[in-house]
Amino acid sequence: MRIWYSARVMILSQKRIFFFLSTLALATVCIGSSDGARGQQAATVPPPAASAPNAEFAEAADEVLQQMSEITGLKLETPLKKTLRSRDEIRAYVIKQMDEDKNPSERYAGQRSAEAFGLIPKGFDLDTFMVELLTEQIAGLYDPKAHEFYIADWIPVADQRMVMAHELTHALEDQHFQIEDWVKAARPNDDAELAREAVLEGSAMAAMIDFLLQGTGRSLGDLPDFDPSILIGDLADSPALQKAPPFIKDALIFPYFSGLKFSAAILKPSGWSGLPGVFSKPPLSTQQILHPALYRSGKLPAPAPLPSMDKMLGSSWSKLEENTLGEFGWQEVVKQFLGDERAKPLSAAWDGDRYIVYEQRRTKRLLLVTRVRLKSEEVTLHFFGQYSEALEKKYAERSNLFRRANFFSFDTPDGGVFLDCWGFECVTVEGTTRNMFDALTKALAWPSAPQAPPRLGEKTEKTVRTFRPMESGMVQLDSPQALNPYNSLRAANYLE
């Protein structure tokens, strides 16, 4: 979603940026092995009290650049510009890039979409937060437009070398693979773009670990499998990150640490000679990043198109954005309300999705429509049970709850909420009327959902029997023998 503007596009996409806390944490990657401890000792020296002067910085950068070329096998094609920046200069640079990377309407759409999914509180000031965070945490970055490497002048020399190892890997990748154009080639699919970001950040993390292991005779491929999440303990000490919603923290970390696990898995068989293959055949989704075996198998996300609701809604509503959330995005949405332990296995059943966010022009009310495809009918039933609980937790003020075998709805002050599952798929609509929900499912050629019992004083309308197109042809709902067992309970609702 365009909320990645803050956590991904501004920080990670246009400019390769590395966080100082991550460099400090990565020094612990070799703990637990005596060889690793020697590697860490050989790769670092006690930090001096002040940063290096320009001449020393340039000399160190050239030395590290040569080492990263040897580690990755990527030759330096053209000379690289290298610059020290003060904190004030970095702050000005961040604000400038924010304005260039996304215009105000795109940033607004991203923020409102995150609010619609419940990922950030309403009114959370993303722009101010990101400027504060980046000014606090940026240690260095590589700018593929200017082909220039920047580093913060307040970083100690020893830590500068670690930052250089990461950022100069981006510089080498850029000279061989044109990383900015490579990332943008995934557009307009936000999930696929985030997957490419994870390749860039993960491979740079992997290269930095090999840099730290120099002199030990070992590399990342020799280390046992590890969970990179153990490296983020120091992030809690960041004053800016302490104020961040959990989703923002996860979105910042994902390309680095999930990308590192992906890179370690993909590069392990052949080493760095396998890197060009990943650029020529990039991952298509964050699911492939989270599950490298699915990348190797070439598994494609299933299509889950949504019909336009522009005509249904009329001119009083405007579409903010339409895109793909992906496994990582759905994991974050479910985690927000059900916790990480339940979110990971549920989101791992993701097979494809689509979402649309609308805003009512006058009231600024939001309408969120999603369609998610899952791996099996059994998993779809499980998703229905879990996600209906998440929706209840998302809306504290609700009334008129109505539940059937695979349909759930309730009312809120901002409109009705509907969850409908059929076969391998679920659709959610949040912030509209039952009539609008029915119009959507009709456009999808889904059968009509069960009707809640009429409330006292309400007039009832007869539900029209519908047909459900299946892969094998048209199935009439008033022929129960044609329905599979999964939908038998739902069929009973129609035939009553």
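Leu419 stands opposite Thr428 in β11. The model is predicted, so to speak of local features a pLDDT of at least 70 is needed, while side-chain atom pairs count only at pLDDT 80 or more and totals for chains, interfaces and linings use all residues. Residues are numbered from 1 along each chain as its sequence is written, and side-chain values use heavy atoms, with hydrogens and water left out.

**Exercise 1.** Find which strands pair with β10, and in which sense.

*Solution.* Begin with the terms: strands are DSSP runs of E with at least two residues, helices are runs of H or I with at least four, and both are numbered from the N terminus. Two strands pair if DSSP finds at least two bridges between them.

Next, take β9 (residues 407–412), which six bridges join to β10 (residues 415–422) in an antiparallel arrangement. Phe410 stands opposite Val417 in β10, and a hairpin of two residues links β9 to β10.

Then turn to β11 (residues 425–432), which pairs with β10 over seven bridges, again in the antiparallel sense. In the hairpin of β10 and β11, which has two residues between the strands, Gly423 takes a positive phi near 60 degrees.

Finally, eight of the eight residues of β10 are buried (under 20% relative accessible area, with exposed over 50% and partly exposed in between, for a 1.4 Å probe and protein chains only), so β10 is largely enclosed by the rest of the structure.

**Exercise 2.** Place the strands in their sheet, and state which of them stand at the edges.

*Solution.* The open sheet has seven strands in the order β5-β6-β7-β11-β10-β9-β8, with antiparallel pairing. At the edges stand β5 (317–323) and β8 (399–404), and because each has a single partner strand, one side of each is left without a neighbour in the sheet.

**Exercise 3.** Describe how helix α17 packs against α18.

*Solution.* Two packed helices are described by the angle between their axes and the distance between the axes. Axes are lines fitted to C-alpha atoms, for helices over the stretch in contact, and angles run from 0 to 180 degrees between N-to-C directions.

For α17 and α18 (residues 340–347) the angle is about 150 degrees and the axes are 8 Å apart. Angles under 35 degrees count as roughly parallel, over 145 as roughly antiparallel, 65 to 115 as roughly perpendicular and the rest as oblique; α17 and α18 are therefore roughly antiparallel to each other.
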